[in-house]
Amino acid sequence: MTRLRIPDAFWEHARAVQQGRTAGRGRAAGPAVPVVDPASVGWFRARAMHLAERLPDGALATGAAGGLQDTAPRAALVALGARVGGVGPDGWEHPDLVQIWFRQADYVVPRADVGVFTRGAMPRDPGRAAALERVADAIAGMLAGEGRTTRALTPALPEVRGDHWVRLAAVTGRLHIRWDARTVVVWAVDAAPGDDEAARTELARRFLRWLGPADDRQFARWAGVSRDDAAETWRRLGDELVPVSVAGHARSLLAADEPALRSAAPGEGV
């Protein structure tokens, strides 16, 4: 296999993403900011994630709207079964869903939204974005229209341990995977059409709809983006966000979700 040369800007992106994984405690909330009970946040999340009440049979895309991590063997299938009725053992492979690397982890997401979970995490820096595309080009060339295991790709970059560099290139939206709890097979695909900036803001909305009040640093960690990109996405959401205080920390909430958070209550059953 031809030895691959990775652009420096690719590793700059990798370092920025790694730095973004340290969220910290965040900023202290101001005295005039509305206070939200942390317990209400938990109840809000349970309902937003469809854990308080199951969705009807077949609503798999809705159940996976916030992305379901599949790193542990078939964790996404368990998550689907908890959210949607009538999920069988092959539910994770339904045509409405697709497996990708999101924040470099195995995820099951709605197929119609794959661009949100991939291009939505692309860096704004043009040099870093171009480097990611170049690596994706090289991977697509190695795949040659076929699915290949990550073990078959890693010899192209022997000085780097594992498939970390392959996973990083997945934000281009040009790599889909199938992980069967034993082997990861990678396919090259066309990136989903759409505007990258629209994908970035929609990814932030998914984060907030799924998890409730948060700040831009927490978003950077969750989405696998740099702190600078997360802060810019927060800025672009603008009036869609309202400030709140959770346990004394400054957080933001989608204004559209404020009534649901205020009325959040414990669900029934186990």
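How are H9 and H11 oriented to each other? I'll answer that first, then go through the neighbours of H9. Keep in mind that this is a predicted model.

The axes of H9, residues 196–211, and H11, residues 227–237, come within 10 Å and cross at roughly 85°. An angle of 65 to 115 degrees counts as roughly perpendicular, so H9 and H11 are roughly perpendicular to each other. On the H9 side, the contact is made by Glu197, Arg200, Thr201, Ala204, Arg205, Phe207 and Leu208. H11 brings Thr233, Trp234, Arg236 and Leu237. Sorted by class, the residues of this contact are five nonpolar, two polar and four charged.

Next, H10, which spans residues 216–223. Its axis and that of H9 come within 11 Å, with a crossing angle of roughly 100°. That again falls between 65 and 115 degrees, and H9 and H10 are therefore roughly perpendicular to each other. From H9, the residues in contact are Arg200, Leu203, Ala204, Phe207 and Leu211. From H10, they are Gln218, Phe219, Trp222 and Ala223. The class count for H9 with H10 is seven nonpolar, one polar and one charged.

Now to H2, residues 38–48. Which residues of H2 are buried? They are Ser40, Val41, Phe44 and Ala48. These four cover an arc of only 105° around the axis, which puts them on the same side of H2. As background, an α-helix has 3.6 residues a turn, so residues three or four places apart point the same way.

What do the buried residues of H2 pack against? One partner is H9 again, and the others are strand S1 at 35–36, strand S8 at 241–246 and helix H12 at 258–262. Just after H2, His50 takes a positive phi of about 65°.

Two of those partners, S1 and S8, take us to the sheet. It is an open sheet of three strands in the order S1-S8-S9, with mixed pairing. The edge strands are S1 and S9, the latter at 249–254, and each of them pairs on one side only. S1 and S8 run parallel and are joined by two bridges. For a residue to look up there, take Val36, whose bridge partner in S8 is Val246.

To return to the opening question, H9 and H11 are roughly perpendicular, as are H9 and H10.

Key: Residues numbered from 1 in each chain as written. Predicted model: local features only at pLDDT ≥ 70, side-chain atom pairs only at ≥ 80, totals over all residues. Heavy atoms only, no water. Buried < 20%, exposed > 50% of the residue type's maximum accessible area, 1.4 Å probe, protein only. Arc of directions from axis to C-beta. Contact = heavy atoms within 4.5 Å. Pairing = 2+ DSSP bridges. Axes fitted to C-alpha atoms, helices over the stretch in contact; angles between N-to-C directions. Parallel < 35°, antiparallel > 145°, perpendicular 65-115°, else oblique. Nonpolar A, V, L, I, M, F, W, Y, C, P; charged D, E, K, R; others polar.
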